[in-house]
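Let's take a walk through this model together, one piece at a time. Keep the picture open while you read.

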Amino acid sequence: MAIKTEPFVINVGPQHPSTHGVFRMRLTLDGEVIVDVEPVLGYLHRGIEKLAEGRTYTQNIPFTDRLDYLASMSNNLAYVLAVEKLAGIPVPERAEYLRVIIAELQRIASHLVGVGAFLNDCGAFMTPLLYMFREREKILDLFEMVCGQRLTYNYMRIGGVSHDIPAEFLPALDRFVTTMPGFIDEYDQLLAENEILLARAKGVGILPEELAINISASGPVLRGSGVRWDIRKADPYSVYDRLEFDIPTGSVGDCYDRYWVRIQEMRQSVRIIRQAVEQLPPGEVRTEVPHLLHPPVGEAYGHIEAPKGELGFYLVSDNSIAPYRFHVRAPTLINLTALRDMMIGWKVADAVAIFGSIDICLAEVDR
Amino acid sequence: MAIFNYYPQTLSPDWPGGYWLHWGVFVVIILVFVMAMIMGFIWFERRGLGRFQVRLGPNRAGPFGLLQPVADAIKVLIKEDIIPAKGDKLVHWLAPVVAFVPALMIFAVVPFHDGALLADLNIGILYVVAVSSVGVVGIFMAGWGSNNKYSLIGAMRAVAQMVSYEIPLALSIIGVVLIAGSLSMNSIVEAQSIPFILLQPLGFIIYFLAACAEINRTPFDLLEAESEIVAGFHIEYSGMKFAMFYLVEYCEVLAISAIITTLFLGGWRGPLLPPFLWFLIKVFGVFFLIFWVRSTIPRLRIDQVMAFAWKCLLPLALINLVITGIEVIALPPALLWTVMFLNLAIVVLLALLWSKFFRLGGGRVEV
Amino acid sequence: MTLAFSGEEIASQVEEHLPGSIVDSSQDSLVVNSESWLAVATFLKDTPGLDFDYLTSITAVDYYDYFEMVYHLTSLKHNHSLVVKTRCYEREKPSLPSVVSLWRGADLQEREIYDLMGISFDGHPNLKRIFLWQGFQGHPLRKDYL
């Protein structure tokens, strides 16, 4: 006898422990199996693109902190790169190296949260997350040394960085860089070969290579699907062309590959920081730029490989003190495009894991 | 302690009025014991988890935070009790009681000392299996009465999981019963000249895993999976009723720890220290193991949990039963140590076999 | 280094295949006639040697007289990029062809533009407001919205 069943709709979020902020999705379930998913966005929409049109170019830097608050430095960097491109401002070499060091530290910090939260979503009760926060704390200490803030940092400036690093920064960074590979191994040993994690993440939420390219995925989501595409290599900015590093790529594009790519990227970031510190030249850290910048009429698209993917700023100038148009190419919003393809057919528990493996930040998705 | 030494000799239950005195004394003892131990467990788990997660844990209320459970209890007691508007009020109200009573009833047959138990039933262990499976009714009532989809999913998972895990649970106990030759908890302890974990290592593993699933502990804590269905069946409970479910959780852990201690670890038996202390030490040891697992590994998915019960634990339990039966009939009792090593070898062999051929199954469902 | 194609160079190639589709071209970008935009997009995506398989970003800019859509295209295969623009002169009910059929990455970005700039995209499978609620009056990123 066939049992009569019917699908039901369950609302996940905006207040839910695993939605990484205020993400909301409407899941249609058939028992435990997901038959449809519809993301509902906008709970953190603050209209930053509109607000930025009323501020000067310098005043907009703090806005970018509030996009992806787990990787504020990267956002700053992408924005100032776009402005520098727009106005043709040179950057001192020392500042370029400092930017690279800070951006890579930020990448490690962001990946630590991303991986930790993913494992937490898989059900490892807080432990991996807190282990990762232990190291993130050290990065925050380093950031506090250079800019005095711990969350919404504001270090990058148009034409360089705000201050030179203090004397105690480099020894502290050195300590961090020497110990970090050991900690990354520790995270890896904690769960990488764990049977349960493999069962939960291997083969789950597969994003095939062609689809990943077609939906304009970027960052670890794209590389997890096996595409060797990293803006740092493909279109080097700052001084990335002088530094040696590899691009880790996954093979099938499942949750485990995305997790693995993030772990490997942390190792590469440590490698980059080591080289950058060795090559760090003395000198100025900032080109003098007028506070009220009037870039020439035109447009510029500056993009970087942010921890979560390709972060781009598209700026249009009308030669006034404020941008005429300020658009953010938010990597996490676009990575969400394939959410439905990845989730359909999996169970509720997988939905959370898949969502965690994309690693989104709602402040950036909604802006 | 004094009561245990003096009790069985001076007041035997067939003494006039002794039955009721025995009953009264032990009900008080069990209630005090359970409440005190639950507080101890809560404190122990929170502090222990704190250590596991590189943080301190509660350390403000009282010395070493010992009064934290008291503070929590007071907080929870004075909270508002909310019943969902469209919930089934009677079922919603009854559910915590239905869940709590069976968990408490288990302690009737747990021997704290030789003969020191409320009722030395000659079918003690059967009683435990029977009573502990009633608890799921309370959980299902909670899930149903809350009129919430999350709690309904939690209740569905609970029923599926508990029904499946009852079978390996009961089968693994039979091994112990075969060796001890009795169903009475007290006789089982008395029969353990060496702890049965050495004679029944496979039985212990199966019982431990199945029991973890029975009491919803990681990695089988699906019905209250925080990251997926928020809190599962008790999502709509607050105030005292929530506290009841919280008590049930720890009461069940305590009961399972006590039963594992009794069946496999030699109960109150041990050298030097007084029996009651041995019993406590062993209970805390088992509990430590349970929350160690909780703090480390991720959660399984529902289909994997079911596959684990039916494809892994059930065959292993049957094999264990057959082997134990053969050993009990064919081998003379003098060969205790031989049997021990033989069983250990069998466990290693079976574990290797299963790890090679058993895969935590399940995958994408075409929809 | 990603090779940024000059608009003029691509314009001549496109013009060969689809005469009359190019409105304007400069060093950094080419402007396409909105009617033939979908055909040009298909051409850019499928022509060997161009292979713009990756739609990096879509933006709309409000210039009062017209809306300008800016498409940043990249080819992951050849590592080159191109900026394509198309314009929409209608202000009351602006409408443009959707490129979701070519690049699904446009899905959420076109919804965002529809929501904030008020340009509707023909052929989009699920054109709804994305950040603001249904029934919100106006489109905030337009220059005349205060």
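Where chain C meets chain A, the contact draws on 24 residues from chain C and 28 residues from chain A; two residues are in contact if their C-beta atoms, placed from the backbone, lie within 7 Å. Helices (H or I, at least four residues) and strands (E, at least two) are DSSP runs, numbered from the N terminus. Strand 4 of chain C has the largest share of this side, with 6 residues. Sorted by class, the side of chain C that touches chain A has 13 nonpolar, 8 polar and 3 charged residues. Here Ala, Val, Leu, Ile, Met, Phe, Trp, Tyr, Cys and Pro count as nonpolar, Asp, Glu, Lys and Arg as charged, and the others, Gly among them, as polar.

A quick word on what you're looking at: this is a predicted model, where local features need pLDDT of at least 70 and side-chain atom pairs count only at pLDDT 80 or more, while totals for chains, interfaces and linings use all residues. Residues are numbered from 1 along each chain as its sequence is written, and chains are lettered from A and ligands numbered from 1 in the order in which they are written.

Now over to chain B, which touches chain A too: 31 residues from chain B and 35 residues from chain A take part in that contact. Helix 7 (149–180), helix 11 (226–229), helix 13 (275–296) and helix 14 (302–330) of chain B each give two or more residues. Helix 11 of chain B gives the most, with 4 residues. By class, the chain B side splits into 14 nonpolar, 7 polar and 10 charged.

Finally, chain A itself. Chain A has 15 helices and 8 strands. Its radius of gyration, taken over C-alpha atoms, is 21 Å, close to the 21 Å that the globule rule gives for 367 residues, so chain A is as compact as a globular protein of that length. That rule is 2.2 Å times the number of residues to the power 0.38. Along the principal axes, the C-alpha atoms of chain A fill a box of roughly 80 × 45 × 35 Å. Of the 367 residues of chain A, 58% count as buried, that is, with 20 or more other C-beta atoms (placed from the backbone) within 10 Å of their own.

Methods
A residue is buried if 20 or more other C-beta atoms lie within 10 Å of its own, exposed if 12 or fewer, and partly exposed in between; C-beta atoms are placed from the backbone.
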